Amino acid sequence: MTHTNAPLDPERLPRLEEAPLTPVSPRLAPCQALQQLWRWWLLAVLASLVPLSEPPLADWQGRLAVGIAVLGLAMAVLAWFEARRRAYGLREHDLCYRRGLWVRRTQVLPLVRLQHVETLSTPLERAFGLVRLTCFTAGGRGADLVLEGLPAARAEAVKQHLLARLEAGPAAPPEEQAP
């Protein structure tokens with residue numbers, strides 16, 4: 001067999017932006033907002049309860065706690081809108097995940113590199129009926145793709161599909177397939 005490596009015309013390549021992506025569950029938005037509110041509420045409580053010994057700082061303690069609470073509310077609103085823009089796509093050869101509000105991040109995981117798949121959910125995610133699908137590839141120290149915001153049944157279906165692909169092994173190139 002002769003190795004070939006023909007150049008590709010960049011104008012004829014498929015555009016990732018044109019790939020059909022499915023929005024994650026709309027329940028992810030309130031879940032993400034509540035997670036942000038919880039984190040920032042804890043910081044605001046700590047800021048209001050930690051005793052400050054210096055008089056000038058003690059005078060500003062209440063304002064600091066209110067400022068942290070307002071910042072937390074703003075972060076919760078941003079988390080809500082960011083979660084509403086997330087989408088994923090399961091294609092024949094890869095899994096795509098798009099997220100981000102101002103900075104859009106699109107991850108593409110080729111299925112031939114997939115080694116392990118697991119589902120995770122926090123108590124808050126379970127209350128909203130959501131599951132995170134975590135995908136690992138060879139040589140990685142941690143998860144290479146974490147798909148958040150899937151309904152439990154959909155996450156299990158995607159997981160089973162990916163596991164079936166793992167069991168089947170990598171597909172042989174067309175010229176090596178049996179007739």
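This is a predicted model: local features need pLDDT of at least 70, side-chain atom pairs count only at pLDDT 80 or more; totals for chains, interfaces and linings use all residues.
## Helix 1 and helix 3

Two packed helices are described by the angle between their axes and the distance between the axes. Helix 1 covers residues 28-49 and helix 3 covers residues 61-84. Their axes come within 8 Å and cross at roughly 170 degrees. Angles over 145 degrees count as roughly antiparallel, so helix 1 is roughly antiparallel to helix 3.

Sorted by class, the residues in the contact of helix 1 with helix 3 are 21 nonpolar, five polar and one charged.

## A nonpolar patch on the surface

Six names make up a nonpolar patch on the surface: Leu34, Leu37, Leu73, Val77, Trp80 and Phe81. Together these residues have about 540 Å² of accessible area. Helix 1 and helix 3 are the elements that give two or more residues to the patch. The largest share, four residues, comes from helix 3.

Phe81, one of the patch residues, is placed in helix 3. Is Phe81 buried, exposed or in between? Its relative accessible area is 48%. Exposed means over 50% and buried means under 20%, so Phe81 counts as partly exposed.

## Trp60 in the loop

Trp60 lies in the loop between helix 2, residues 55-59, and helix 3. The relative accessibility of Trp60 is 53%. The cut-off for exposed is over 50%, and therefore Trp60 counts as exposed.

Ser48 is 12 residues from Trp60 along the chain. The C-alpha atoms of these two residues are separated by 9.8 Å.

Terms used: Residues are numbered from 1 along each chain as its sequence is written. Side-chain values use heavy atoms; hydrogens and water are left out. Axes are lines fitted to C-alpha atoms, for helices over the stretch in contact, and angles run from 0 to 180 degrees between N-to-C directions. Angles under 35 degrees count as roughly parallel, over 145 as roughly antiparallel, 65 to 115 as roughly perpendicular and the rest as oblique. Ala, Val, Leu, Ile, Met, Phe, Trp, Tyr, Cys and Pro count as nonpolar, Asp, Glu, Lys and Arg as charged, and the others, Gly among them, as polar. Patches are made of residues with over 30% relative accessible area and no salt bridge: like charges are joined within 9 Å, nonpolar side chains (Val, Leu, Ile, Met, Phe, Trp, Tyr) within 5 Å. Accessible areas come from the Shrake-Rupley method with a 1.4 Å probe; for residues, only the protein chains shown count as cover. A salt bridge is a side-chain nitrogen of Lys or Arg within 4 Å of a carboxyl oxygen of Asp or Glu. Buried means under 20% relative accessible area, exposed over 50%, partly exposed in between (1.4 Å probe, protein chains only).
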